[in-house]
Amino acid sequence: MPSTRLTELGSDPASLAAMWSALAPEPGGRTPTIRAVMIASLDGSTTVDGRSGGLGTPTDQFLFHAMRARADLVIVGAATALTEGYGPAQPHEAWRAYRGTPPPPVVLLARTLSDQLVEHCAGHGDALAVAVTPDVDRDRIAEAERRGVRVHVLDPGPYGAAVRALATRLGAEEVDFEGGPRLLARLLAEDAVDELVLSLAPEVIVGAHGDPLVRTEDGATARVPLRVSDAFTGPDGGLYTRWVVDRDGR
Ligand SMILES: NC(=O)c1ccc[n+]([C@@H]2O[C@H](COP(=O)([O-])OP(=O)(O)OC[C@H]3O[C@@H](n4cnc5c(N)ncnc54)[C@H](OP(=O)(O)O)[C@@H]3O)[C@@H](O)[C@H]2O)c1
């Protein structure tokens, strides 16, 4: 029976170089290339106690920060950013030599400008901005901007195309999309995502229920074929993989 011996990557310089090159985007892809980064337990749960941080392994943290270091734009759902407490991107020691420029701006995707979201982004300007749908009240946007929140208004029309257009407007070629599951479902189903970098945390969460990797709001389903492009393991025993959306397989 054929078997694959996975490369184990630690935190030594040779491992970091190998991880960096394993995470290079598939050649010949679209611009911008939108690359979703997610972690799931082996049973497909995406959170522990409501947070994905509970699943993270040391290797996943290296990978998460490598994807930020590679990107020229980070996009993430507002719900995720508030739950996980994501602020502006910070340079990560391991990847400093690989990225010669300051960390990428982070844009939080939202449909509403909640007080909590405005509070979270206040004073951060482009380093931690918000992108809202075009129906958001203009006075609300002006008030957020007075508080030092940079607010991008997405184009009307299909959501995935509007997110891609925003990335183009911001001059991004490689976009790191950090979820969460609801936005991943929407952007995948609308063909806005090009790659999925999926960490499999080496554990089963006993008793997890109804918290899969992608979650639609209206029960809609979509089949999105992918092919594995790279895989490696680490000293923590997890499996770290890169998948490419297989448009020929649709
Ligand atoms: N395992 C992982 O890798 C991973 C990664 C990320 C997050 N998570 C976890 O997932 C949970 C949050 O995920 P989630 O799925 O509830 O939220 P989410 O994917 O972060 O997305 C929902 C957020 O996106 C905004 N949004 C903007 N346009 C939208 C649209 N057209 N459709 C849907 N949402 C839109 C919503 O804005 P409004 O708030 O204005 O409605 C909401 O804030 C957290 O527990 C987090 O820890 C896990």
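Select tryptophan 20: is this residue buried or exposed? Tryptophan 20 is buried, because its relative accessible area is 16% (buried means under 20%, exposed over 50%, partly exposed in between, using a 1.4 Å probe and protein chains only). Before moving on, note that this is a predicted model, where local features need pLDDT of at least 70, side-chain atom pairs count only at pLDDT 80 or more, and totals for chains, interfaces and linings use all residues. Residues are numbered from 1 along each chain as its sequence is written, and side-chain values use heavy atoms, with hydrogens and water left out.

A search of the whole structure finds five aromatic pairs (ring centres of Phe, Tyr or Trp, the last by its six-membered ring, within 6.5 Å; planes under 30 degrees apart are stacked, over 60 edge-to-face, the rest tilted). Tryptophan 20 and tryptophan 95 make a tilted one, 5.4 Å centre to centre with 35° between the planes. Tryptophan 20 belongs to helix α1 (residues 13–22), while tryptophan 95 is in the loop between α3 (78–84) and β4 (106–110), 75 residues apart (helices are DSSP runs of H or I with at least four residues, strands are E runs of at least two, numbered from the N terminus). Show Tyr98 too: Trp20, Trp95 and Tyr98 form one aromatic cluster.

Next, pick arginine 70. Its charged end sits over the ring of tryptophan 20, 4.8 Å from the centre (NZ of Lys or CZ of Arg within 6 Å of the ring centre and within 35 degrees of the ring normal).

Last stop: valine 204, in the loop between β8 (195–201) and β9 (226–233). Valine 204 is exposed, since its relative accessible area is 53%.
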